[in-house]
Structure formats: C-alpha cells, structure tokens
Amino acid sequence: EERELLMVMEAIVALHNRYSDRVKRAKARIKFLVDRFGPEGFIEKYREELAHTRAGLADRPYPKGEWKEGKGEEVTAPGPGAPRQVYAQKQLARVVLPISVPLGDLSVARLRGLASLLEEFGLPEMRTTQDQNLILPSVPAERLHAVRLAVQALGMDVPRAGDNVVACPGTSTCRLGITSSTLVAPKLSGGEHDLRIRTSGCHNGCAQPETGDIGIYGEGKRLHGKLVPHYQTYFGGNGMGGGHLAIKGPSVPTQRVESAIARVQEAFGAERVGGETFFAWTRRKDQGYFAELLADLTRVEPHEVEHLARDHGDTAAFRVLQLGGGECAGASQVTAGASFFEAAHERGYRDALFFQRKYAEAAKCAEVIARSVAQAVAQIAGGRKHDDLLSLATEIAQRVPERAALAEQLETFANVLAQPEETLTDKTVAPLFKPLDEWTLAAADYCLHREPTLDLTGALPKHASAHAAQKAAVAQAA
C-alpha cells in the first residue's frame with residue numbers, strides 16, 4: 001500500500017546492505033541473496049527487515065502521491081515493453097507516437113532534425129524507451145498525421161513487425177562483452193508475429209534477455225580443445241502483470257543462433273492455437289521441448305569446431321577480448337573517476353546506515369570510501385592499487401610526498417576503522433565522516449591537478465567544508 005511504500009523500500013535496501021557481498025562488487029546483487037537463502041528464506045529475511053523498518057518509521061509521515069483520473073476514454077496497456085503503435089494517452093485528444101530506431105543507433109543529423117520537429121510542433125519532450133526506440137508523448141491527435149510525415153522526412157517511422165530487436169554493445173565497447181551482440185542482432189527478426197528479441201553479449205544481460213519473447217546472451221564453451229562462442233537462449237519472458245521470466249533453453253553456437261531462433265518461430269507459427277500468444281505457447285511447452293527442438297544445433301562434432309570457433313564478423317579464432325572499461329561507465333571505469341563515483345555511492349549508504357544506528361555497517365562504508373579514493377590517488381600517481389588502507393597510505397606517501405597530509409590522514413582513518421565492531425558507536429564513527437569527506441575533496445584536488453580531464457561532477461561530497469569544496473570545484477573547472 002502507498003503508506004508502506006517507503007518502509008518496503010527501506011527494508012529491501014537494509015536487507016541488501018546487511019547480507020550482500022561487500023568485497024566482490026559483482027556479487028553485490030540481490031539475486032545472489034536469493035540464491036544464498038533460497039526464495040522462502042529470502043522472503044523471511046525481508047519480512048524481518050520490514051518489521052524493523054515498520055517500527056522505526058511508524059511515527060513518520062509518508063509522502064502521499066497525487067492521484068489523478070484520466071479525462072479521456074479508457075486506455076488499454078500497449079503490451080510488454082514500449083508502445084509499438086500510436087497509443088492513446090489518458091489525456092483527452094493526446095497520443096504517443098513511437099519512432100523506430102534500429103538498435104538505438106541515431107545520427108547527429110536525425111537528432112537535430114527531431115529537435116527541430118519538437119520546436120516546430122511545440123511538443124514538450126521526447127523520450128527514449130527500453131526497446132531502444134523513441135516516443136513523442138502528448139502529440140495532439142489532430143496533428144498526428146503532420147508530425148508523422150515530418151518524422152518520415154527524416155527517414156524514420158513507427159516500428160514495423162519484426163524490428164523489435166534490442167542489443168547491448170557487446171564486444172564493440174564493453175570489457176564484459178563476450179560475443180558481438182551488435183553484429184548478430186541486425187541479422188535477427190521478430191517475424192510476422194513481432195516477437196521481442198533481446199540480445200546480450202554476456203551473462204550480465206543488459207538487454208534483459210530473460211524478459212524478451214526470445215532472449216540470448218553470449219558465453220564461451222570449450223569443445224574439443226577449442227573455445228567456441230555460444231548464445232544461451234531464453235523463451236517466453238513477459239514483464240507485465242501475470243507474466244514471468246523466460247524459460248531457459250539450450251546454449252547454441254553463435255554461428256547457428258539465427259537458425260535456432262527461426263526454427264522456434266516456425267514451431268510457434270505451426271503449433272499455436274487460435275490467437276495464442278508466444279508467452280502462452282511457451283508455457284504449454286516445457287524446457288525439454290526446446291532442448292529437443294534444437295538438439296541438432298547444439299551438438300558440435302570435432303570436424304565442425306574449426307568453422308564454429310568464430311564469432312559473427314570475425315575470421316580469426318574466437319577469444320574473449322579485454323577492452324578495459326565496462327559499458328555502464330564507458331572508458332572511465334578504468335580511470336580514477338570510477339573510484340570517486342563508487343565512493344559517492346558508498347557515502348549514500350554510509351549516511352543511511354548511520355541514521356539507522358547501524359554503526360558497524362556505516363563504518364564499513366567509510367572504509368570502502370577511503371579505499372576507493374586512495375586507490376584513485378595511487379592510480380593517478382602511477383602506483384599500485386592495494387586493498388589494505390595502511391598499504392595504500394604507504395604507497396601514497398611514497399608517490400605523492402608533496403601531499404603528505406593525504407597519506408597521514410588515510411593512516412588515521414585506517415586505525416580508527418580497524419577497531420573491533422563492538423566498539424564502533426556513534427561517538428567513534430560520526431567524528432570520522434566530515435574529515436573523511438574533506439580528505440576526499442583534497443584527494444580530488446590532487447587528482448584533478450594531475451588529470452584535468454577527469455570529470456568528477458556529482459561524485460564529490462556536498463556537505464564538507466565550503467572552503468574545501470570550493471577549492472576542488474575550482475581545480476576541476478581549471
């Protein structure tokens with residue numbers, strides 16, 4: 001219920017903070033807690049945290065939403081994902097116009113053309129969607145035809161059956177990518193039934209393959225002594241009410257994934273009953289059905305390895321590329337900037353946990369802040385990125401002797417944070433926060449002095465001393 005929304009959100013955050021892995025960032029996800037405790041165990045832990053937050057927030061007022069009723073005729077949902085056709089809004093005589101953008105790739109000329117279109121027709125905004133398309137909301141119904149003609153003049157139009165294909169960048173720019181999802185995606189089609197195809201270059205699934213009608217993610221499998229690129233398949237995902245995550249299918253060599261998807265589509269067209277949806281059809285089947293349907297495509301004989309050990313677009317043997325930064329943070333993930341943003345993320349948790357009187361956990365966040373920022377300084381100075389704070393203090397003292405205070409203060413933080421958890425109280429933890437934030441700004445000042453191109457906008461503390469904050473801001477602007 002609305003009155004419990006913040007309590008539920010707080011309980012989930014508290015559960016995540018209490019039990020998630022704070023050492024391996026890749027494991028710090030709620031899905032791993034579900035694996036750890038099991039579905040029922042996870043729910044039990046959640047209910048325990050919810051009971052605590054209910055008690056803690058019982059006397060606090062909650063922000064009430066402003067509920068409105070539509071003035072137009074009743075609006076039906078556009079289906080899973082974003083609208084694919086012109087869609088009536090709840091506001092009277094207003095519609096949403098979707099615009100197809102294959103794989104989300106837009107040229108500068110088209111972006112400028114769309115900007116001019118918005119100005120010409122007085123449209124308030126343009127939005128991106130999860131299916132890598134665009135939508136123009138609040139288009140007056142009487143001007144829809146003119147707006148669509150203007151969109152067509154830019155070489156664009158509403159989505160067409162079969163083009164509902166989404167792909168993450170894969171190996172084109174992401175260090176986590178295993179397969180070239182941007183090269184295989186243009187070869188795929190949702191067919192006459194306009195199935196939603198979701199293509200990811202690795203198991204992190206940025207294209208959300210488990211929610212598509214057909215989803216795939218890249219992986220490598222060693223067969224007959226060779227590394228062969230594969231796509232793990234999923235069938236029948238639907239993120240709407242009454243939907244479900246997709247059924248996990250077999251893993252298919254990348255060179256055969258087009259055939260595998262086409263075969264599943266053909267089977268659906270031949271076996272569906274009446275107007276049965278793809279989601280409903282997959283639920284009539286089971287995991288074994290898809291394994292049998294694609295069995296011959298998953299088998300790899302020794303003489304086939306030479307041909308199959310290549311990804312789409314490659315002529316050389318398959319290998320997992322190391323490109324540096326992950327796509328989520330672009331190239332900055334391998335720079336000091338990412339460390340400052342990680343520290344900013346932990347500051348939010350630190351303050352929230354301290355507010356909840358979870359002092360030991362707030363101290364752990366403070367330790368992560370100190371480690372992340374110190375590693376950034378060590379990296380900028382050309383040193384090693386240790387995990388131990390005292391080792392980092394020694395590294396910084398050697399590499400940055402002109403900023404001796406950075407190493408000295410870090411050593412002080414390390415000694416305070418090394419205290420046993422049971423001794424960490426508000427009186428020992430709270431006095432650490434402001435000096436830590438000011439030290440972060442001093443570290444940022446050094447890093448920006450060495451690397452003026454670093455963009456730390458939004459990554460620095462806002463509540464430290466005004467002088468230190470102003471100094472770092474001036475350094476960044478310079």
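Visitor: What makes up the protein chain in terms of helices and strands?

Guide: The protein chain has 16 helices and nine strands; helices are DSSP runs of H or I with at least four residues, strands are runs of E with at least two, and both are numbered from the N terminus. This is a predicted model, in which local features need pLDDT of at least 70 and side-chain atom pairs count only at pLDDT 80 or more, while totals for chains, interfaces and linings use all residues. Residues are numbered from 1 along each chain as its sequence is written, and side-chain values use heavy atoms, with hydrogens and water left out.

Visitor: What are the spans of the C-alpha trace along its principal axes?

Guide: They are about 70 × 65 × 50 Å. Of the contacts between residues at least 6 apart in sequence, 61% join residues at least 24 apart, where contact means heavy atoms within 4.5 Å.

Visitor: Why is α1 called oblique to α2?

Guide: Helix α1 (residues 5–19) and helix α2 (residues 30–57) pack at an angle of about 125°, with their axes 8 Å apart. That angle makes α1 oblique to α2. Angles under 35 degrees count as roughly parallel, over 145 as roughly antiparallel, 65 to 115 as roughly perpendicular, and the rest as oblique. The axes are lines fitted to C-alpha atoms, for helices over the stretch in contact, and angles run from 0 to 180 degrees between N-to-C directions.

Visitor: Which hand does the crossing of α1 and α2 have?

Guide: α1 passes α2 in a right-handed crossing. A crossing is right-handed if the near helix is turned clockwise from the far one by less than a right angle, and left-handed if anticlockwise.

Visitor: Which residues make the contact, and how do they divide by class?

Guide: On α1, the residues include M7, V8, A11, I12 and L15; on α2, they include L33, F37, F42, Y46 and L50. By class, the contact has 14 nonpolar, two polar and six charged residues. Ala, Val, Leu, Ile, Met, Phe, Trp, Tyr, Cys and Pro count as nonpolar, Asp, Glu, Lys and Arg as charged, and the others, Gly among them, as polar.

Visitor: What makes α11 and α15 roughly antiparallel?

Guide: The axes of helix α11 (residues 336–355) and helix α15 (residues 426–450) come within 12 Å and cross at roughly 165°. α11 and α15 are therefore roughly antiparallel to each other. The crossing of α11 with α15 is left-handed. Among the residues in contact are F340, R347 and F354 of α11 and V429, F433 and L436 of α15. This contact divides into nine nonpolar, one polar and five charged residues.

Visitor: Why is the pair R256 and E304 called a salt bridge?

Guide: Their side chains meet at 2.9 Å, N to O. A salt bridge is a side-chain nitrogen of Lys or Arg within 4 Å of a carboxyl oxygen of Asp or Glu, so the pair qualifies. The two residues lie 48 residues apart, R256 in the loop between β9 (247–253) and α6 (257–271), and E304 in the loop between α9 (295–298) and α10 (305–308).

Visitor: How many salt bridges does the whole structure have, and which residues form a network?

Guide: A search of the whole structure finds 20 salt bridges. R18, E49 and K358 are linked in a network of them. R3 and E1 form another pair, at 3.2 Å, N to O. E1 is exposed because its relative accessible area is 70%, and R3, at 44%, is partly exposed.

Visitor: What makes C202 count as buried?

Guide: C202 has 8% relative accessibility, so C202 counts as buried. C202 is in the loop between β6 (197–200) and β7 (214–223). Leaving out residues up to four places away in sequence, C202 touches L176, G177, I178, Y217 and G218. C202 and C174 are 28 residues apart in sequence and 9.8 Å apart in space, C-alpha to C-alpha.

Conventions:
Buried < 20%, exposed > 50% of the residue type's maximum accessible area, 1.4 Å probe, protein only.
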